[in-house]
Amino acid sequence: MQDIKSTWHDTLEIIKVSVSPAIFSTWFSQTHLIKIDEINQRFLIEIGCPTSYIKNFIETRYFGLIQDSALKVLGKPCDLTFVVKENPVREKSESKSPSPLFETEENSEIITRALEKAKIRSNFTFENFAVSGSNQMAHAAALAVSENLGNAYNPLFIWGGVGVGKTHLMGAVGNVAIKKNPDLKVLFCTSETFTNDIIEGIRNKTTQSFRDKYRKLDLLLIDDIQFIAGKDTAQEEFFHTFNAVTSSGGQIILTSDRPPSEIAKLEERLRSRFEAGLIVDVAPPDFELRCAIAQIKAKERGLALDMNQIQMIAANVDSARKIEGTLIKIMTQLMGKKVEITDELIENIIGRGVETNGKNIKKDPASVIDAVCHYYQIGKRSLLGDSRSRPIARPRQILMYILRTDLGIPLEEVGRIVGGRDHTTVMHAVEKITQLATTNVQIREDMSKIKLGI
Amino acid sequence: MKLQILQENLSNALNIASRFSSNKVQLPVLGNVLFSAKKSKLVISSTNLEISVSINVGAKVQEEGDLSIPSRVITELVGNLPHDTVDLETTKEQLKVATSSFASNVLGMNSNDFPKIPGSVVASKALTIKQKDFAAALMQVIFATSLDETRPILTGVLVLLDKSDLFLVATDGFRLSQKKIKLSSSSEKIKIVLPKAILSEIARVGGEDDLLFSIEEKEKQAVFGVGEIILSSRLLEGEFPDYEKIIPKSSSYKILADKEEVLRAVKLASIFARDNANIVKIKILKDSLKISAESGQSGNQETKVDAKVEKTGDFDLEIAFNYKYLEDFLHSVVGEEVQMEFSGPTTAGVFRDSIDMSYLHLIMPVRVQG
């Protein structure tokens, strides 16, 4: 195939000799070659002209000249066709001149300011909240509330374990409300801030300003309301705030780690008010949801992971926060060591164990061993023994995996606990289970059940 | 070529045609107008390879033929002749121009070097628009086009045809003008961008005639016909910005004010604004506007303009604009009152003519610190 650019350049050089410079610069300088096709020992050349005036003129006046010149360059007879088309090279030279009218901001500044004032994080939105069976109900309820503040479900009480997305949902409602109307009075706070504000008010004799702050809100979002239990003044103040806000048509959303009926030392009148609204729970994310979360978070951080890698993370990490932690580790590895993302890298990071936040450290290896034995119905002796048959070896690998990743015990120590094995054996086991968990549902299920038994 | 023609007709035609000839000296033939005598008409054509015109002028033709003649020379020559019949005759590449008391030989060029330009509109494919409406609409749109050649697409006007609505849109990235014209007939969807030059020429061609308008997609060319004048232009290639999404759907302030009063206030403000990046501030009060400007060197001023203010938001608004954009808009308004809609100091203001809702103008505010 002929090089289009150089062919046309050479042809133009020949034409340049035959015509006057004025004619050349007017008629030919803006033309370009679109394509060359070879048909039966002849070339078919398509020539683009910037305007139809130029096209008509050179087509009638200079057809022969172009044909002859092209023959000399290509060495074969040519047929010419002309079309009107702007030179693409020229189009590209568009530089960016300022055009503030088209820079879409959608009064983002006002919204950002309103979000800041309401203390809501702007990345808590419904768009980046992944939904599956475990949180579908809560999501639908929050969505309904955001569409019809104060009327749908008031209050909305969302409860569930750590890191399941309660705060995210609540923030999303606030985000939607502010985007709809930046003038809406919205406040997001934890029950601790609420309590502290009361104490501050009492100490500085400014309870009135406290009341102005809370009681005139259109949307009040309180995180971790369970901490209000047992604080009498705070409960009383909250009770009045609650009444003031709801009676003026405002919306209240609360989150907690347990349902109102299980919050000890909560005043009866508050409990009954909480129960008057809608109580929804959010269960820990299942595997598919974790995949979705990992995908969303990876995208937010600009991390390009393929499906297999996403699944590997989702299968081996059990909460949304830990997924985030894992991704951060991957990022630091990438930046620090300047390496590519590979399956091995991710395996390595998962295998080293996600930082435990003090919760798992209390468990001792013996109870894990017991749980594994109990789950698989095998004896402790054979589990820690020499048998390498699969029914024994697989549970042993799972045991090593749990000891390593969940309890964060060093490799050599794990090896010692599991019947004096070498640390490389432990490494292999962790790697093997990480792999299996990605693809094998059974292994994932076994693992979560064992963890429940610990 | 040999013919008799009225000086007045010839001079008018040449005045129009000369504006289309190129004043660049790169190719002399483009600085020429083409005279061609056919049957009972003299056709005068001119082009600069971006736009072209061809005008039929009635004449008493004795001998057909054509010749191209330098535009400037012939236009000035004919323009200064008395109102009388003019004899035109060619001998080889010279044109003899004569009246009863005057004779001249003008050196011309072979007409073969003159580019071919459209000499008629195919009426069956063409769309009919009232020339008066179209010209008036163009005057409200063309001024908003960009002068910046780095984004060629913005130097043109978007012509959008949807059923029986014709939209003309122009923007330079800081302001946007949109005008809608209702057509008597409906047509298929057309979306093209035309260079500003051809549209200003169309707007200048007066008359009560209808405008015929057709597009040759393959040739990337638009052809217009108004009476005896045929104009054509190339289409601009490129993607026109998605303007519809930037037109604000709602606003928190709606203001109705007298056009002349606002214009006077803006002009007064412009005296000081010139030293200060052309910034004029509009503060919205309960039933008036306060238009002010200040300059570190020459002083400051403020004018109060009575206005009807409807507001839905509960924040006070002060919004700053480049006075040139305000002035341009106010000059384009036909009615006596202008309607302005604002939503905030950083969102585009919507400006309208209170009696003409088919005209919409957007101006982006200037961001002022503090």
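Guide: Happy to. Two residues count as in contact if their C-beta atoms, placed from the backbone, lie within 7 Å. Helices (H or I, at least four residues) and strands (E, at least two) are DSSP runs, numbered from the N terminus. Axes are lines fitted to C-alpha atoms, for helices over the stretch in contact, with angles from 0 to 180 degrees between N-to-C directions. This is a predicted model, in which local features need pLDDT of at least 70 and side-chain atom pairs count only at pLDDT 80 or more, while totals for chains, interfaces and linings use all residues. Residues are numbered from 1 along each chain as its sequence is written, and chains are lettered from A and ligands numbered from 1 in the order in which they are written.

Let's start with helix H3 (residues 131-141) of chain B, which lies across E11, strand E12 (175-195) and strand E23 (356-363) of chain B, at about 155 degrees to E12(B). Helix H4 (residues 196-204) of chain B also packs on the sheet, touching E11 and E12 of chain B and making about 65 degrees with the direction of E12(B).

The sheet itself is open and antiparallel, with ten strands of chain B in the order E11-E12-E23-E22-E21-E16-E19-E18-E17-E20; strands pair if DSSP finds at least two bridges between them. Its edges are strand E11 (156-171) and strand E20 (318-322) of chain B, each pairing on one side only.
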